[in-house]
Amino acid sequence: MTTRRYNTSIVPASLRSCLAYQSQIVQRVIMSDMAKEKAIRLLKKRESMSSLGSQDVRARREEYTFKTKGSISSVSYMDEAGHHDENPRHAVQMENTYQLGPSKRFPDHAVREILKDVLSSYLQEEKYEPELCRQMTKTISEVVKARVKDLMIPRYKIIVMISIGQLAEQNVRMASRCVWDAATDTFSSYAFKNSSLFAVANVYAVYFE
């Protein structure tokens, strides 16, 4: 078998461009094959993750469930972006009641008692620590929201805001503004302090027609 070698200096320009074009085609074919193999691997991985049973998902959710004082907070998650339930819930269409106002007023006095009880039970013996207070604001807001919802006040949106700061002989003033209907919307507030910290809890109730 004889091997022929060509001197590129005497190869015509048209032939060199043809060889370069063929090499580009080969590179594109190789890259497309690699992309196909990667897509197949991702598809197999997604199918294996979607085949998890309900017991495995429930077990994973239980790992991310933690209990706080008098309340339970849970964090749910999706295994992979784009993975949805196979049986999505259909939106329920409600008939218009033509109700223009609340059937009963929001019990701001009862909500204030809830705020007083929750803040006192959670912060009575606590000392101010930035990280602890940051987590405590989330816990207290969830507990307050759950207890206010237990009052079963229909057609009210509930917003809970908790602020905790260090008590160090300083003056602090807090204010808020809301654009709402004064005839139906209202709020409840309570301020707490001990020897180390202070806390201000606000619950805003907005009527939703």
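A residue is called buried here when its relative accessible area is under 20%, exposed when that area is over 50%, and partly exposed in between. In this predicted model, cysteine 133 has a relative accessibility of 5% and therefore counts as buried. The protein chain has 209 residues, of which buried residues make up 21%, and its secondary structure consists of four helices and five strands.

**Overall architecture**

- When contacts between residues at least 6 apart in sequence are considered, 72% of them join residues at least 24 apart.
- The protein chain has an accessible surface of about 17,100 Å², and carbon and sulfur atoms account for 53% of that surface.

**The pairing of helices α3 and α4**

- Helix α3, which covers residues 108-123, and helix α4, which covers residues 130-149, have axes that come within 10 Å and cross at roughly 145 degrees, and the crossing of α3 past α4 is right-handed.
- On the α3 side, the residues that meet α4 are Val111, Ile114, Leu115, Asp117, Val118, Leu119, Tyr122 and Leu123, while α4 contributes Met136, Thr139, Ile140, Val143, Val144, Arg147 and Val148.

**Serine 141 in helix α4**

- Serine 141 is placed in helix α4, and it counts as buried because its relative accessibility is 16%, which falls under the 20% cut-off.
- Leaving aside residues up to four places away in sequence, serine 141 touches Val160 and Ile162.

**Cysteines**

- With a disulfide taken as a pair of cysteine sulfur atoms within 2.5 Å, the count of disulfides comes to zero.
- Cysteine 133 is buried at 5% relative accessibility, whereas cysteine 178, at 39% relative accessibility, counts as partly exposed.

**Loop residues with positive phi**

- Arginine 155 is not a glycine, yet it has a positive phi of about 65 degrees; this residue sits in the loop between α4 and β3, the strand of residues 156-166, and with a relative accessible area of 29% it is partly exposed.
- Glutamate 169, likewise not a glycine, has a positive phi of about 60 degrees and lies in the loop between β3 and β4, the latter being residues 186-193.
- The relative accessible area of glutamate 169 is 85%, over the 50% cut-off, and glutamate 169 is therefore exposed.

Conventions: Residues are numbered from 1 along each chain as its sequence is written. This is a predicted model: local features need pLDDT of at least 70, side-chain atom pairs count only at pLDDT 80 or more; totals for chains, interfaces and linings use all residues. Side-chain values use heavy atoms; hydrogens and water are left out. Axes are lines fitted to C-alpha atoms, for helices over the stretch in contact, and angles run from 0 to 180 degrees between N-to-C directions. Helices (H or I, at least four residues) and strands (E, at least two) are DSSP runs, numbered from the N terminus. A crossing is left-handed if the near helix is turned anticlockwise from the far one by less than a right angle, and right-handed if clockwise. Contact means heavy atoms within 4.5 Å. Buried means under 20% relative accessible area, exposed over 50%, partly exposed in between (1.4 Å probe, protein chains only). Accessible areas come from the Shrake-Rupley method with a 1.4 Å probe; for residues, only the protein chains shown count as cover.
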